[in-house]
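Open the model in your viewer and keep the selection tool at hand. The stops below say what to select next and what is there.

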Amino acid sequence: MNDMTLYLTIALVPLAGSLLAGLFGNKIGRVGAHTATILGVGVSAVLSAYVLWGFINGTRAKFDENVYTWLTMGGLDFSVGFLVDSMSAMMMVVVTFVSLMVHIYTIGYMHDEKTGYQRFFSYISLFTFSMLMLVMSNNFIQLFFGWEAVGLVSYLLIGFYFKRESAIFANLKAFLMNRVGDFGFLLGIGLVLAYFGGSLRYADVFAYLPNLQTATIQLFPGVEWSLLTVTCILLFVGAMGKSAQFPLHAWLPDSMEGPTPISALIHAATMVTAGLFMVSRMSPMYEMSDTALSFIMVIGAITALFMGFLGVIQNDIKRVVAYSTLSQLGYMTVALGASAYSVAMFHVMTHAFFKALLFLAAGSAIIGMHHDQDMRHMGNLKKYMPVTWLTMLLGNLALIGTPFFSGFYSKDSIIEAAHASTLPGSGFAYFAVLASVFVTAFYAFRQYFMVFHGEEKWRKLPEHHDEHSDGHHHGLGKNDNPHESPLVVTLPLILLAVPSVIIGYFTIEPLLYGDFFKDVIFVNAAAHPTMETMREEFHGPLAMVSHSLQTPVLYLAVAGVVAAWFLYAKAPHLPAKIAAAFSPVYKLLDNKYFIDVIYFNVFAKGSQALGRFFWKFGDVAIIDNGIVNNAAKLVGGIAAQVRKMQTGFIYTYAAAMVFGVLVLIGMTFWRLFA
């Protein structure tokens, strides 16, 4: 098949599976629904791997063509087209492979669902299609379509249990907070359309950039800003919402209300990496604004460190992994700000595998605990769930940056990039990502020791077989034992564990210091020498491991693991005493820095008060009472007076006629003698 047919097949086969499961789910049944969607995503994954292999061995060339023109307006074409290069191909493989693992895993995880089984498979396959359209786009219009589509489907998936009030609140929160970011994103696209040569195609926009080197825009009277800086920051505001950067991060932990498979899909390889991919794709634009890069770096540093702190006190097994995602997204954003776009995309790739592994392993533990997600009710699951234990251990080792694991190579590269950067804010960013190493190791192994080691805490709990709105009975009884998940659940864990361990070692050199991203990612080495500095210091993946023995990174990670072991395996009575001793700090973290409280009381209630004001003053007082009701009263009053003249007596009408004649005579004389 030719290239166009190949890329159309990759994008559209998951959509076909989604439509089959969604529209004909009742006819084809549960088996038909998951077979159609898995087959669709599987075909897409195999073809995506074929495309990536072509770029690796040099037999495939960059593809940038329009599929069709949607509309033409004023000489501007709005088209659907594909840009497939090495970065797109890598993202296509990551998205489709993780999605395929999630699809297979879902068969086991959702096995006991009484309703919505086919609907869920339709949603996750549609999610995959939306993400593929985003990463394969060659213009801002299609990028925005994929951007909004993943947001819409995530709304449906987070609120999958739509009878549960907390799920409805969570998906509404995600939808609204993403709309805030998307408003900035849309403004940025508007500036591109208005000032960047009248085209929304990436190639045309990048070619026009030299003309805007000194261009300014007046945001306020007398205040001139660099057009490129304003555009880059507005586009990044969209990334802050989609990729959950502070302060638009609050929706991501609440998205845990959705079933675990979608938690893995949203947090690992798809929606949350969309903003990072967008900034990397727009590297020619961002390289022309140091202000935008510094802004990005500082935002990422804040997210990496302060969201990591919140993971330390979480007791829900999925929320620990969720806050880990927030922190790791902050790491990736720091790399973007340091002009190390290839490093950011490298961590996007490695993180996708081990984070999907962690979420799915957490889901397996939840299944074993009979849908109880509270880590305080777990313990010693290693004895009963060996596959889940081992795969989660491997995922956590990758997460904390253990030498030779995939996360070590990408995470350490980000720390080196922050250290090598000379942009304003790089000092704070380096401190934040370095401190986050200890924090990450601590909360990751806090979770590990609470879940897989120690005493079997559910045996000391009162019976809590309460039925929730999703139809599950939650919790084990005192005499119940957890059980290992079936093969359909553990097989994806094993398949994800393999790249989580080895892929970093084999890909760091071609991705960061080879030609893999050549002519895809642009870096102004003279202004931003970060990657050149790192290139000079890199002597291979083995040398990188030996070099780590001379840096504080490895020792901070070890210290985090040891601290978690001591507090949660050796002396589990101490954390409660520490929390009591530092109750103000614990309260601050437990309330998530009161950001949700501020949003709810200032923005939500403020919007409600503003809406009520406009309703009462504008709608009721001015429109209803002032215009509509008063107009009716005026007409009614005039009609009431006019009605009195309609007496039915002939002398009344004769008098009116005589009066009219006199008026006409008077007007005639006035016109004659005036």
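Is Arg-281 buried or exposed? Select Arg-281 to find out: with a relative accessibility of 3%, Arg-281 counts as buried, because the cut-off for buried is under 20% relative accessible area. Bear in mind on this tour that the model is predicted.

**Stop 1: the partner of Arg-281**

The side chains of Asp-85 and Arg-281 form a salt bridge, at 2.7 Å from N to O. Asp-85 sits in the loop between β2 (76-84) and α3 (86-109), while Arg-281 belongs to helix α11 (residues 274-281), so this pair ties together parts that are 196 residues apart in sequence. Asp-85 also counts as buried, at 2% relative accessibility. As background, side chains of opposite charge can pair when their charged atoms come close.

**Stop 2: the whole protein**

Zoom out. The protein has 674 residues, and buried residues make up 56% of them. Its secondary structure includes 26 helices and 6 strands. Colour the surface by element next. The accessible surface comes to about 28400 Å², and carbon and sulfur atoms account for 68% of that area. Contacts can also be sorted by separation in sequence: among those between residues at least 6 apart, 78% join residues at least 24 apart.

**Stop 3: Ser-79**

Go back to strand β2 and select Ser-79, which is found there. Ser-79 is buried, with a relative accessible area of 7%. Which residues does Ser-79 touch, leaving aside its neighbours within four places in sequence? They are Asn-66, Tyr-68, Thr-69, Trp-70 and Asn-139.

**Stop 4: helices α5 and α6**

Select residues 140-158 for helix α5 and residues 165-195 for helix α6. Two packed helices are described by the angle between their axes and the distance between the axes. For α5 and α6 the angle is about 175 degrees and the axes are 9 Å apart. That makes the two helices, α5 and α6, roughly antiparallel. To see the contact, show side chains: those on the α5 side include Phe-140, Leu-143, Phe-144 and Trp-147, and the residues they meet on the α6 side include Ala-167, Ala-170, Phe-175 and Phe-185.

**Stop 5: helices α17 and α19**

Next, select residues 406-420 for helix α17 and residues 487-513 for helix α19. Here the packing angle is about 40 degrees, and the axes are 5 Å apart. The helices α17 and α19 are therefore oblique to each other. From α17, the residues in the contact are Ser-406, Tyr-409 and Ser-413. Among their counterparts in α19 are Pro-499, Gly-504, Tyr-505 and Leu-512.

**Stop 6: further salt bridges**

How many salt bridges does a search of the whole structure find? The search gives 15. One of them joins Glu-455 and Lys-460, whose closest N and O atoms are 2.8 Å apart. Glu-455 is partly exposed at 44% relative accessibility, whereas Lys-460 counts as exposed at 63%.

Move on to Lys-592 and Asp-596, which form a salt bridge with 3.1 Å between the closest N and O atoms. Lys-592 is partly exposed, having a relative accessible area of 23%, and Asp-596 is buried at 18%. Now extend the selection to Lys-173, Asp-254 and Arg-319: together with Lys-592 and Asp-596 they are linked in a network of salt bridges.

**Stop 7: along helix α25**

Helix α25 covers residues 595-644, and Val-628 has its place there. Val-628 is partly exposed, with a relative accessible area of 47%. Select Val-628 along with Leu-610, Phe-613, Phe-614, Phe-617, Ile-622, Ile-623 and Ile-627; these residues form a nonpolar patch on the surface, and together they have about 770 Å² of accessible area.

Finish with Ala-604, also located in helix α25. Ala-604 counts as partly exposed at 38% relative accessibility.

Note on methods:
Residues are numbered from 1 along each chain as its sequence is written. This is a predicted model: local features need pLDDT of at least 70, side-chain atom pairs count only at pLDDT 80 or more; totals for chains, interfaces and linings use all residues. Side-chain values use heavy atoms; hydrogens and water are left out. Patches are made of residues with over 30% relative accessible area and no salt bridge: like charges are joined within 9 Å, nonpolar side chains (Val, Leu, Ile, Met, Phe, Trp, Tyr) within 5 Å. Accessible areas come from the Shrake-Rupley method with a 1.4 Å probe; for residues, only the protein chains shown count as cover. A salt bridge is a side-chain nitrogen of Lys or Arg within 4 Å of a carboxyl oxygen of Asp or Glu. Helices (H or I, at least four residues) and strands (E, at least two) are DSSP runs, numbered from the N terminus. Buried means under 20% relative accessible area, exposed over 50%, partly exposed in between (1.4 Å probe, protein chains only). Axes are lines fitted to C-alpha atoms, for helices over the stretch in contact, and angles run from 0 to 180 degrees between N-to-C directions. Angles under 35 degrees count as roughly parallel, over 145 as roughly antiparallel, 65 to 115 as roughly perpendicular and the rest as oblique. Contact means heavy atoms within 4.5 Å.
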